[in-house]
Amino acid sequence: MALIEKRATRALIHYENLLYNIHLVKKIIGAKRKICFPVKANGYGHGSAEIGAYAVEAGVDCLSVATLQEGRELRDAGITVPILLLGHVLPEELEYLISYNLTPIAGSLEYLEVLEKRAAIADSIIPLHLKVDTGMSRMGCRLEDAESLVRFIVDSNALELRGICTHFPVSDSCIQADIDFTQNQIEIFETLIGHLHAEGFDTGLVHAANSGGLALHPDSWFDMVRPGLALYGYEPVPRYPLKVKPVMELNSKVILMKKLKKGESVSYGRRWTAPDDTLVGVLPVGYADGINRSLSQKLRILIKGKRYPQVGTICMDQMMVDLGPDPDVRLYDDAIVFGPDPEGNSAADLAKMLDTIPYEITCGINVRVPRIKA
Ligand SMILES: *Cc1c(COP(=O)(O)O)cnc(C)c1O
């Protein structure tokens with residue numbers, strides 16, 4: 001069911017910032033390299049079909065998803081570029097892989113065999129990428145198995161090798177040991193690719209870089225980069241900023257204003273008491289919308305360009321803001337919880353307060369919050 005978009009609390013999507021970030025990444029990697037834009041997890045919470053379509057229009061070459069359902073939503077929205085399915089799926093899901101024309105990334109003989117069988121049943125050819133594990137220890141085959149898997153794909157009438165890739169666990173870290181680890185992964189991967197080419201294999205697109213690789217390891221860019229975080233506007237390596245711009249703004253409105261007398265307390269647990277007579281604003285946004293309760297009393301809410309402290313415990317559906325005794329705030333004014341405006345908090349600030357990463361903030365914005373073009 002479509003959401004009622006008039007809700008006071010909305011995730012405003014700044015497409016102009018996404019466009020800016022895409023152009024920035026293109027400039028960094030050069031015209032010969034491609035961009036795969038990850039739109040898994042509802043486009044990191046931004047709304048996958050809309051942001052995917054926009055990114056394609058803005059010039060990204062392909063998209064990637066984590067589940068078949070995510071791929072299906074993109075195809076249903078009319079997106080025709082290649083869509084990489086990053087993880088393995090169950091054998092019984094594979095009919096949808098073919099009908100939605102998704103490109104799997106395979107990392108085991110068992111998976112390749114299942115894919116081959118399914119392609120034969122559908123009387124079609126499945127184009128795919130092979131993933132090689134060089135240190136993430138998640139998806140991907142062991143390095144020593146890579147050549148035999150490439151041979152299996154190339155020898156199969158039902159499979160077609162379109163790419164080969166790997167993934168980095170610490171490419172966003174400036175610690176020397178992590179830089180060395182990533183450099184070693186790149187070297188291992190490069191050696192493998194060189195060997196496969198020397199053996200006469202056409203590996204298709206070679207790719208490895210996530211946002212960290214993009215920011216810190218130019219020799220990991222190969223034929224294509226896969227930066228999610230950076231394109232959504234967060235710095236993968238704050239010490240070496242790419243100068244990207246955040247795409248999401250969580251915007252609510254002052255839905256009620258009321259006077260509070262000195263000494264009166266606010267919200268569950270009564271953790272805040274008015275030190276003086278003041279006005280309190282209520283915003284209809286809470287932890288059920290994805291603003292973690294542990295952020296209580298840490299946020300600076302931006303209203304008409306001015307910052308106001310969030311006070312009292314964040315509730316399921318509301319939070320309160322201390323507006324002071326004589327604010328320049330009117331009922332129904334916009335109230336920014338986080339967003340690209342440097343005066344207010346960014347999702348990266350919220351992540352830092354919670355000892356987590358910006359991905360978790362934007363992915364955590366609940367489906368009941370409508371995503372709207374800013
Ligand atoms: C999610 C994902 C990415 C993007 O990572 P960022 O850190 O957001 O740049 C790249 N590659 C794979 C395999 C992923 O799963």
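Predicted model: local features only at pLDDT ≥ 70, side-chain atom pairs only at ≥ 80, totals over all residues.
Because aspartate 289 lies in the loop between β15 (278–283) and β16 (300–303), while arginine 7 lies in the segment before β1 (10–13), the pair ties together parts that are 282 residues apart in sequence; the strands are DSSP runs (E, at least two residues), numbered from the N terminus. A search of the whole structure finds ten salt bridges.

Polar contacts are pairs of N or O atoms within 3.5 Å. A polar side-chain atom of tyrosine 44 is 2.6 Å from an oxygen atom of the ligand, and a polar backbone atom of glycine 228 is 2.9 Å from a ligand oxygen. For histidine 167, an N or O atom of the side chain lies 3.5 Å from a nitrogen atom of the ligand.

Taken alone, the ligand exposes 390 Å², of which the protein buries 91%, with areas calculated by the Shrake-Rupley method with a 1.4 Å probe.

## How to read the numbers

Residues are numbered from 1 along each chain as its sequence is written, and side-chain values use heavy atoms, leaving out hydrogens and water. Local features need pLDDT of at least 70 and side-chain atom pairs count only at pLDDT 80 or more, whereas totals for chains, interfaces and linings use all residues.

Notes
Polar contact = N/O pair within 3.5 Å; in protein donor to acceptor, adjacent residues only side chain to side chain. Salt bridge = Lys/Arg side-chain N within 4 Å of Asp/Glu carboxyl O. Helix = DSSP H or I, 4+ residues; strand = E, 2+ residues; numbered from the N terminus.
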